[in-house]
Each structure stands twice: as C-alpha cells, then as structure tokens.
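Subject: Two-chain model, handover and findings

Hello,

Here is the structure you asked to have passed on. Please look it over first; my notes on what was found follow below.

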Amino acid sequence: MAEKAENIEAELTEEKKLENLVQFLSFTLGDEEYGVDILRVQEIRSWEPVSRIPNVPSYEKGVVNLRGAIVPIIDLRERFGLGHLEYSPLTVVVVLQTLTELGQARTMGVVVDSVSDVIDVDKKTIQDAPNFGTKVSTEFINGLASVKDRMVMLLDVGKLLKIDTLDDEDENT
Amino acid sequence: MSIDMAQFHQVFFEESFEGLDIMETGLLNLDMGDVDAEDINTIFRAAHSIKGGSGTFGFTAVSDFTHVMETLLDEMRDGRRQVTQPAVDVLLGSVDCLKEMLAAIQDEQEVDVARVAEYKKALEIELNGRELEEVVTNEASKLSTIESDKVDNGNNIWRIAFSPHTNLLKTGNDPVRMFRELASLGKLTTTVDFQGVPDFYDLDPEECHLSWNLELVGDVSESDISDVFDWVEDECDMAIQLITDPVENDNSTFTEEQSIEVVPTKEVKTEPANKEISPTVAKPSKKAAAKTSSSIRVDTGKIDTLINMVGELVITQSMLSLVGEQFEMNKLDQLKNGLSQLDRHTRELQESVMNIRMLPISFVFSRFPRLVHDLSSKLDKKIELVMVGEHTEVDKTVVELLSDPLVHLVRNSLDHGIEMPADRMAAGKPETGTITLEAYHRGGNIVIEVKDDGKGLNKDVLRAKAIEKGLIDEDANLTDKQTYELIFMAGFSTAEKLTDVSGRGVGMDVVRRNIQSLGGNIEIISELGKGSTIAIHLPLTLAIMDGQSIAVGDERFIIPLGSIIESINIKESMINRVAGRGETFRLRDEYLPIVRMHEIFDVKTAQATKLTDGLVVVVDGQGMRCGLFIDDLLGQQQVVIKSLEANYRKVEGVSGATILGDGSVALILDIPGLVRLSNQ
C-alpha cells in the first residue's frame, strides 16, 4: 500500500512538473546558444537562395517563396552583430510564426548556424534577462535558462518578428 | 438527441439576407396598376422561408415580425387586398427593419426593440385598416378573430386539452419543446394524463401514450397558441378553450368604433418579443472569429468547368508518366505533344480558378434600385434607373471596393445632376429623369459608367467655385477636362445648400482616391443641359496582371505591362546630364529623367553601367514619365500578385512580388514610387 501511495505521489509531482515545462528549440550562433518557443516554430529548412530586397539593412537577406507565400529571411548572426558566416547547404533556416496585434499570422525565416536540440525548461527556473555585456541587444531576450550547465538565451519571437514594423515606423517618422 | 443549431446559423443568415434582397427587388418592381400574382408570390415565399427559418432557430422576434408581413402579403397574393404604394412602402421599411434585426442577432447585439415595434405597428395598421372594412361587410365571420384580439390586453386563462396520436414522436415532434414555447407566452401549468400508457412489456418507447391538460395564463391570443401546435395539427386531438372574465365575452355586438380599438391593443403583442430577444443577446460572443471569414457563392457551372479541367489534367499527367516509364527517342513527339497539352490545360485551369473569384457586377448594382427609389421620393424628383450589363463579371475584391464609390456617384447624379420635374419640363425634357448604370469590358479593363440626363456640369460655376475656394488661381488656364476634374479636389462642393444626400464636398476626392487605389481611373464627360457621364475604368482583377520581366544583373524584376510605353536603345547624343546630378534623355522633343535601376536598387552584378550598353524602358506612372535603365528585357508573362506586406513590410519602389516559373521570387516595380525614389 505504502509503495502504491508513493508511486501515486511520484506521478503527481511528475505531472506538476510537466505542467510547468515549456519546450524550446535550441540553436547556435557562433559559441552562443539560443532557444525559441517550440510552438512558434513552423518548420526547419535548409538555406536556399533568396531574392534580395533593395535598400534594406544587410541582415534582412531577402524573400523566398514558401509554398506560395512570400516570406522574408533574416540573418540572426548579422542581426545580433555576430559577424557573417558563408552560407552552405548545411546552413539552417528556422521558419517562425507569430500573430500580430491585428490577429494576422506573420511568418519569417531566421538563418542560424545549426539547430541543436529540443529542450524542456521548467518555467520557474527561467531567469530574467540581466543587463549584461553580451553582444546581443537584450531587447529580444525573454530570459535565461540553464540546461545541463549550458546557458541558453530564450528569444521572444514576437519581438523578433516585429523588427520590420518597428523599422517601418522609424522610416515614416 | 441534441444538435448544435449554432452551426447552421451562418447558413440561415446568408439565406435570410438573400431572401430579403429578393423581397426588396420584388417590392421595387411591383407595378401598382397591374400586379403580377407571381411577383407577390415570390416575395411571399421569401418572407415565408425567413419566418420558418427564424422560428426553427428560436429567433422568435424575427419570426413574429415576419409573420405579420406574411399575413399582409398573403392577402395581397389572394387578391383580397389592393397593392397600394403606402403598403409597399411599409413593407420596404419592414424589410430594412428585418435586415437590422438579423444583423443585430448575427453580431449578437441588442435588437433595437423600439424600432421593431414601430414597424410592426405600421404593418398592423396597414393590415387592420383592411380588417375594419371587412368587419362591416362580413361581420359574422370576423367576430371570433376580433374577440380573441380584443381580449389580448387582459390576463386570459386558456385551457388546452392536448392528446397527441401515438406516432407523434416518430415525426420528430417533441411535446416538451412545444410546452416550453407555450411557457414563454405566459404562465403555464401542465397536468399529464398517464391513463393511456400500456403495460411495460407492451410499451414501445417510440410511441406517445400521454395526454396533457394545459392551463396558460397570460395576454395571449388564440392564434399564438395554435401557432405553437402548427406542426402537429394533424397528429393530435386538441381543444383550446378560453376561460376569462365574462364581461368581455358578453360584449356580443361589435360596432365599428370598438373594432378600431383593436389597433392600439395589438401593440401589446410586441412586448413578449422584447423579452424573448434578451436570451439570444445574452449569449457570449465566442464565435466572433468565425464570422470574419468571408465566403463566396460560386456558380455551379464554373465548378463543373473546373472539375473537367482537373480531369483533363489528370489524363495528361498519366499519359506523360506512361511515356516517361519507357522512354525511347522515337517517343519524343509524343512527349512534346503531352507537354504542350499540359501547358494548355494548366493555363485553362488557372483561368477557371481565377474565374471563381469573378462576380457579376449586379452584386453592386442591385442596391441601386432601392437607393434611387428612396432618394427620389425624398427629393421629390422623378427618376428612372436603367441598368445595362449587370452580368459583367469582375473580381470579388473589386466588387467589394467598388460599391461605396458607386453609391457616391449615383447619389451625386440624383442630387446635383437630375433637375426637379418642373425645371425639366421647362427645359423641354421629359419629366422623369434617367440615370443609367452601365458596365462593360474593354480590353483588360472593366468600365462602369454612371450616366444621367440632368443639367450637366457648368464649367463657369465650377471655375468660379474653385477660385472662391482658393483651389486654383484666378487666371489659371484650364481645359474642359481639367475644369471637370476640379470636382475631385478635396473641399469642393457645388450644391448651393447642403442636403443630407450630398454636398458636403468630402465625396469626390475620396471616390477618386478609392478608384486609383484599385489601379483604375475615373473620367467625366459632361454637356451643359444634356447631362453628364462619369466613367470608371478598373482592372478586371487585382490578383493577376500582365507583366514584363526585366533583368538587372542577376536579379529579375517585373514591370506592369500597362505602364510601359516603349523600350529603346539610346545613343550618346540623346543623353543630357543636368548639373552633375541627374540624367535626362531626349525622346521626340521631350526630356525624360533616367532612373538607373542598378543604382537605385544597388545591384552590384549589373552588366550595363554605361547608358548606351543597356536598354531604357520608357514608363508612365500616374502621369510621370521616365526611362528605366536596365540590362535586358526578358519576356512577357501573366504574374500572380503576392503581397510583400503580409509577412514583411512595404518596400519603397516595389508594389508587390510574384513567383516566377522556377519558384523564385521577383519583385514587381511600383513605377510612381520609383520616380519618387529617384528624386530623393
């Protein structure tokens, strides 16, 4: 009986843990490891040539045809000021999706070095992003999580995808 | 068994609105002198289905309201009642009211009860006005109706004996539902009689062996009760008996005065409607998201064509794969044949798919008979509306965006164009003015004309007005066309006094902007005293256009074919450089600025950097001409326009993007934007 009770208790705590778990897709840029909410990831593709858009910042690589939709591709390395890496067939594009305030879905591809893992992170263990001296501007960082002694920076996909509209506003003013 | 009725609501609303449109058109087409029974029948049928539908879905306010309309129409149909203009007007008003009610229910908002009551009263006055006459002629037969109406305002006690036949349940009727409906009319007491129930072993659960004695207290008329049992009339034995204060009943002789009172007492009936609406309204609006999805009604013929096309495509595909399986060089002809077939079928398929989005322009036109009818009576003008080419098809988006500008133009014609009947007679014109709405295809465009035979635009007045408003200089030299176009300037209005119809001067500039944003243009032809015509030219579709693909370095761009005037190789002698910045070239006595595409779009791979090496495409963007300097012209093709903004943002000099045959993306150039960009 006691054993059974223990089992149930164990199951309960397990469940509790699951409730708090959030899954992130982690990827690397140089030596740094980043994560995005896995529910925001639509698909992972390999790099393919883009159609360049004139007169935009260099990290906005251009647009591709994603099954009939025109989707912009952003180089995260360049966006975060980590320098440029030559694209190879092994370069990965993570296609992310978010909803705008108007309720429309926005899709965007981000170029990363490589995709590493799907990690489970307990919500409670996520630390706020400190104002520390990474090369990355902390505005896109939602928090920090440590997974197996590695630090993963969790990115706010909504803010990441809003880059464009923000720039747009700047242009207008 | 419970079915979620909500899933059918959308269909009900769509059908109801369609029904209302039918009623409206029907009513407007009624010819007072000689009424066609079939026309009335059509209107009646539409009203009847709305009543039936709303009853089924529990929108009692709507079904009650429609019921009154239906009664009126029914009498018209049977020839028991003259079709008069006031009656038709009341019915038209009621159609509007119903539209509002349905829209309110659809949006899950409060129904304007006061307005509904007002229309209902108008209908009932119309209806009962006749009853009075009939009471005189046929008093005896009407007595009972009046009696039941008469006692409406009191709290009556009705005793209903209801014993359904055993097969009642099998026909899908549920007594409990009927009782619930009764209970909504007043205070209901039910007594059930089990005596008919057989032994348990003999009992068939699908049979109904119960009977009921019901007592209903409330201000209910007999017809309200029998309405509840309408569906089961043939499947039950029923008796409805009124037990109420005898004073009213003693009043056995009805005089005309007394029956007049019927009219106000009927009003009371609207109150239950009021109560019944609230539960519908109180529903939480969870479905808000579902409502935003727009749908399109497609002609079955178009779908059949589409299916045929797909069938052909499948056949071609299987033929090609057969060739491919065991390919030998002598089958090359077969392969080529198949490929050309495939090409043809794909194109046809594309055409028929695009065709699905095409709607006849009558979707926009259909609202105008009503508009003209209402406005002309408001303005005391006599106007006939002629519509030509309502079946001309345009893209759905164009149809949707076109309706507001067109309403504006028609209102303007009505208000400013057509003169008062007396003035028309004096001018030797027929008393009745004519407004013609005409739609036709011309080239890749659709042309819509709003034509009136009114007084036309007075150039002098326009000019004076524009000077007064400071829109032009006093000594400005304007052509006729330019003068007419003054009315498109913001803040311009020629109406001497403002009416609620038009004349606020905010209209025409918005109209023109709307039309231009659709990629069209608008022009005015007018003759003083004879009338004016406003013609709108629009592209047939916004989704596809003819494009010219060009190369700059290793990048491909699309220029809208419509904006290309010509392409030329220029010679050194034609080029002029303007004070260090900017280049122009001379083309037949005209100096045009040169826009170097590779510079403006920063294409590093461009082959031609010397003007004489490449090509210059002369383009026209909203009246501004310039020469685009590019490497090469590639080919013409139809391109499907995709939005860049959906996932990205607006890019200067680019109006959209398209996907080329090889799957890559090409940007579509925005010519006016490019001209602006090059000036910076």
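A residue is called buried here if 20 or more other C-beta atoms lie within 10 Å of its own, exposed if 12 or fewer, and partly exposed in between. Please keep in mind that this is a predicted model.

**Helix H24 of chain B**

By that cut-off, Ile671(B), Leu674(B) and Val675(B) are buried in helix H24 of chain B, which covers residues 671-679. Seen down the axis of H24(B), the buried residues fall within an arc of 100 degrees, so they line one face of the helix. What lies over them? The cover for the buried residues of H24(B) includes strand S17 (590-596), helix H23 (597-600), strand S18 (615-621), strand S19 (624-630) and strand S22 (665-669), which belong to chain B.

S17(B) and S19(B) run parallel and are joined by three bridges. Arg596(B) has Phe629(B), in S19(B), as its bridge partner.

**Strand S1 of chain B**

Strand S1 of chain B, residues 156-164, has one covered face and one uncovered face. Which residues are on each? Asn156(B), Trp158(B), Ile160(B), Phe162(B) and Pro164(B) make up the covered face, whereas Ile157(B), Arg159(B), Ala161(B) and Ser163(B) make up the uncovered one.

S1(B) has two antiparallel pairings to report. Seven bridges join S1(B) to strand S3 of chain B, residues 211-218, and the two run antiparallel. In this pairing the bridge partner of Ile160(B) is Leu214(B) in S3(B). Eight bridges join S1(B) to strand S4 of chain B, residues 236-243, again antiparallel. There, Ile157(B) stands opposite Ile243(B) of S4(B).

**Met420 of chain B**

Met420(B) sits in the loop between helix H18 (396-417) and helix H19 (421-426) of chain B. Is Met420(B) buried or partly exposed? Met420(B) has 14 C-beta neighbours inside 10 Å, so this residue counts as partly exposed. Once neighbours within four places in sequence are left aside, Met420(B) is in contact with Asp380(B) and Lys381(B). Glu431(B) is 11 residues from Met420(B) in sequence, and their C-alpha atoms are 8.3 Å apart.

**Chain B overall**

Chain B has 680 residues, of which 29% are buried. Its secondary structure consists of 24 helices and 22 strands. If contacts in chain B between residues at least 6 apart in sequence are taken, 69% of them join residues at least 24 apart.

**Chain A overall**

Chain A has 173 residues, and 28% of them count as buried. Four helices and 10 strands make up its secondary structure, and along the sequence these follow the pattern α-β-β-β-β-β-α-β-β-β-β-β-α-α. For contacts in chain A between residues at least 6 apart in sequence, the share that joins residues at least 24 apart is 54%.

**Lys61 of chain A**

Lys61(A) lies in strand S4 of chain A. Why does Lys61(A) count as buried? Lys61(A) has 24 C-beta neighbours inside 10 Å, and therefore counts as buried. With neighbours within four places in sequence left aside, the contacts of Lys61(A) are Val50(A), Ile73(A), Ile74(A), Asp75(A) and Val111(A). Pro49(A) is 12 residues from Lys61(A) in sequence, at a C-alpha to C-alpha distance of 9.5 Å.

**Where the chains touch**

How many residues does each chain bring to the contact? Chain A brings 19 residues and chain B brings 19 residues. On the side of chain A that touches chain B, strand S4 (60-66), strand S5 (69-75), strand S7 (105-112) and helix H4 (163-172) each supply at least two residues. S5(A) gives the largest share of that side, with four residues. By type, the residues of this side of chain A divide into nine nonpolar, six polar and four charged.

Regards

Key. Residues numbered from 1 in each chain as written. Chains lettered and ligands numbered in written order. Predicted model: local features only at pLDDT ≥ 70, side-chain atom pairs only at ≥ 80, totals over all residues. Contact = placed C-beta atoms within 7 Å. Nonpolar A, V, L, I, M, F, W, Y, C, P; charged D, E, K, R; others polar. Arc of directions from axis to C-beta. Pairing = 2+ DSSP bridges.
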